[in-house]
Amino acid sequence: MKSWNNRAWLLVLPVLVLVAFSAVIPLMTVVNYSVQDSFGNNEFFWVGTEWFQEVLASERFHNALLRNLLFSGIVLAIEIPLGIAIALCMPTRGIGVSFCLVLMALPLLIPWNVVGTIWQIFGRVDIGLLGHWLNAAGVEFNYTSDVTDAWITIVLMDVWHWTSLVVLLCYSALVAIPEAYYQAARIDGAGRWSIFRAIQLPRMKRVLIIAVLLRFMDSFMIYTEPFVLTGGGPGNATTFLSIDLVQMAVGQFDIGPAAAMSLIYFLIILALSWVFYTVMTRDDEQAQEGQR
Amino acid sequence: MNAPGRHTVPWRYIVPVLYIAFLLLPLYWLLNTSFKTNQEILSSFTLWPADFTLDNYRHILTDPSWYSGYINSTLYVVMNTAIALAVALPAAYAFSRYRFLGDKHLFFWLLSNRMAPPAVFVLPFFQLYSAFGLIDTHIAVALAHCLFNVPLAVWILEGFMSGIPREIDETAYIDGYSFGRFFALIFMPLIRSGIGIAAFFCFMFSWVELLIARTLTVTEAKPIAAIMTRTVSASGLDWGVLTAAGVLTIIPGALVIYFVRHHIARGFALGRV
């Protein structure tokens, strides 16, 4: 058991001070703006929850939120199964391992705007390999003018960018399974599918929860890649919450609504993450009790 | 692959091979485009550079407004990693060893900052750092990136530290080690791979972030990523230089992966990223 010691607060203090400076103060500023209106000249007056009502009722917010949810749903549905499949097929020893790991980790380390640039150059009809080939093959493809094409390109880009994270997480869980488990399964005459269901999937459960959590949060906050690739277009077809928010706050300087929207956006992520976090730590506690 | 004593390569390896091919295809296209002249990029469609040129790279490496971007990015990324690790180490120790008033709430609150959308913080960050006169300095970006890197470092390190038996701490204290000496001489070497992994992830998330870094800098500390977006909008579409700059931003990441490649899998397993 961990010992009870309130002096441990001293060790946490530097983190608290730093995070207070970089998170609490800015967040308080946002809260402050979200309940006030301004005529400029630094004159502010109290408007209560007016901005929140306005944002929650606006179609612009609903549409951006729906786009975000749809996008997160699609990328999770593709990346999680694909990541598991690739991890299952990876070599477990030999030089192939390092080779796979290094190459697969590569997209994770590319600055996000460069990811956008890479897919822009890859997908463009005039100078891009993908766009050029598809059109040469007789498929009408132009991600700058067609909504479906824009979505396909963005989803493909996200799969390209982040599936490796799921693969690496699942792979690390798979190589940690002791060989004895497989031997026992073979003695019992278990097939490929029952080994997956009874041994591999349960051992991957923990990392899968983490993978879903990280992928959900990051896809829900996506900004840079679609901003570079499509700029939110064609029309507003790929304007996600972040893009809309930055446009509102920095572009149009509608600080009040932007602040209210920020808080709503943050609360949605916070609530969903809390659900994930509880599920994850509950599993930890169960695992620890099981070991005792 | 030619493993001794193994004559057949399992058919299932085709899946990772296809996946890697899919990963490399757009990267190849980026590399290919960066060796072409703008005229070739726009006028003809070629699978490899017909008129191989290094001019795009020469342009970047000789123009201070381009290469200073790389120096700026490296500076704030290194600062951020150092700050994040320095504050996260003691905190992670506290979380892994002790129970204290409000510990669980504090841990979740820290994590919630990792989940905060950067877009929410753009405007308040700008005003906060303006108030302190820190706009356009490297330290401003380094501090701002702590928002998501400190929680992550605490999270990873706590996982590694919990894997070290508590008896080690107790024995050291009985032997008369002070907390500081024990931590630096015994404990940190034990979790060095954890520190490496945490540093790797801090580096990675700070290196790839654009929105906050761009907002907090004007000219002096402008990261390379922001210089790239500016060029796209301002001087038309200089695809050759843009792709060359893209290739150069990938290199530091590739080097870092190479050094931690043996820890990637283990790191993911132990530190619960």
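**Contact between chains A and B**

The contact takes 78 residues from chain A and 81 residues from chain B. On the side of chain A that touches chain B, helix 1 (residues 8-34) of chain A gives the most, with 14 residues. That side of chain A is made up of 61 nonpolar residues, 16 polar residues and one charged residue. The model is predicted.

Strands also link the chains. Strand 1 (residues 3-4) of chain A pairs with strand 1 (residues 98-99) of chain B. The pairing is parallel and runs over two bridges. Within strand 1 of chain B, Tyr98(B) is the residue that stands opposite Ser3(A).

Two packed helices are described by the angle between their axes and the distance between the axes. Here the pair is helix 3 (residues 59-89) of chain A and helix 1 (residues 14-34) of chain B. Their axes come within 7 Å. They cross at roughly 125°. Helix 3 of chain A is therefore oblique to helix 1 of chain B. From helix 3 of chain A, the contact is made by Ala85(A), Ile86(A) and Cys89(A). From helix 1 of chain B, Val15(B), Pro16(B) and Tyr19(B) take part. The residues of this helix contact divide into six nonpolar, no polar and no charged.

Chain A can also be described on its own. Chain A has twelve helices and three strands. The C-alpha trace of chain A spans about 75 × 70 × 30 Å along its principal axes. Chain A has 292 residues, and 39% of them count as buried. Sequence separation was examined for contacts in chain A with a separation of 6 or more. Of these, 68% join residues 24 or more positions apart.

In chain B, one tryptophan was examined. Trp66(B) is placed in helix 4 (residues 64-97) of chain B. Is Trp66(B) buried or partly exposed? Trp66(B) is partly exposed, because 19 other C-beta atoms lie within 10 Å, and a buried residue needs 20 or more. Pro223(B) is 157 residues apart from Trp66(B) along the chain, and their C-alpha atoms are separated by 9.5 Å. Neighbours within four places in sequence set aside, Trp66(B) is in contact with Ile60(B), Ile227(B) and Ala245(B).

Conventions
Residues are numbered from 1 along each chain as its sequence is written. Chains are lettered from A and ligands numbered from 1 in the order in which they are written. This is a predicted model: local features need pLDDT of at least 70, side-chain atom pairs count only at pLDDT 80 or more; totals for chains, interfaces and linings use all residues. Two residues are in contact if their C-beta atoms, placed from the backbone, lie within 7 Å. Helices (H or I, at least four residues) and strands (E, at least two) are DSSP runs, numbered from the N terminus. Ala, Val, Leu, Ile, Met, Phe, Trp, Tyr, Cys and Pro count as nonpolar, Asp, Glu, Lys and Arg as charged, and the others, Gly among them, as polar. Two strands pair if DSSP finds at least two bridges between them. A residue is buried if 20 or more other C-beta atoms lie within 10 Å of its own, exposed if 12 or fewer, and partly exposed in between; C-beta atoms are placed from the backbone. Axes are lines fitted to C-alpha atoms, for helices over the stretch in contact, and angles run from 0 to 180 degrees between N-to-C directions. Angles under 35 degrees count as roughly parallel, over 145 as roughly antiparallel, 65 to 115 as roughly perpendicular and the rest as oblique.
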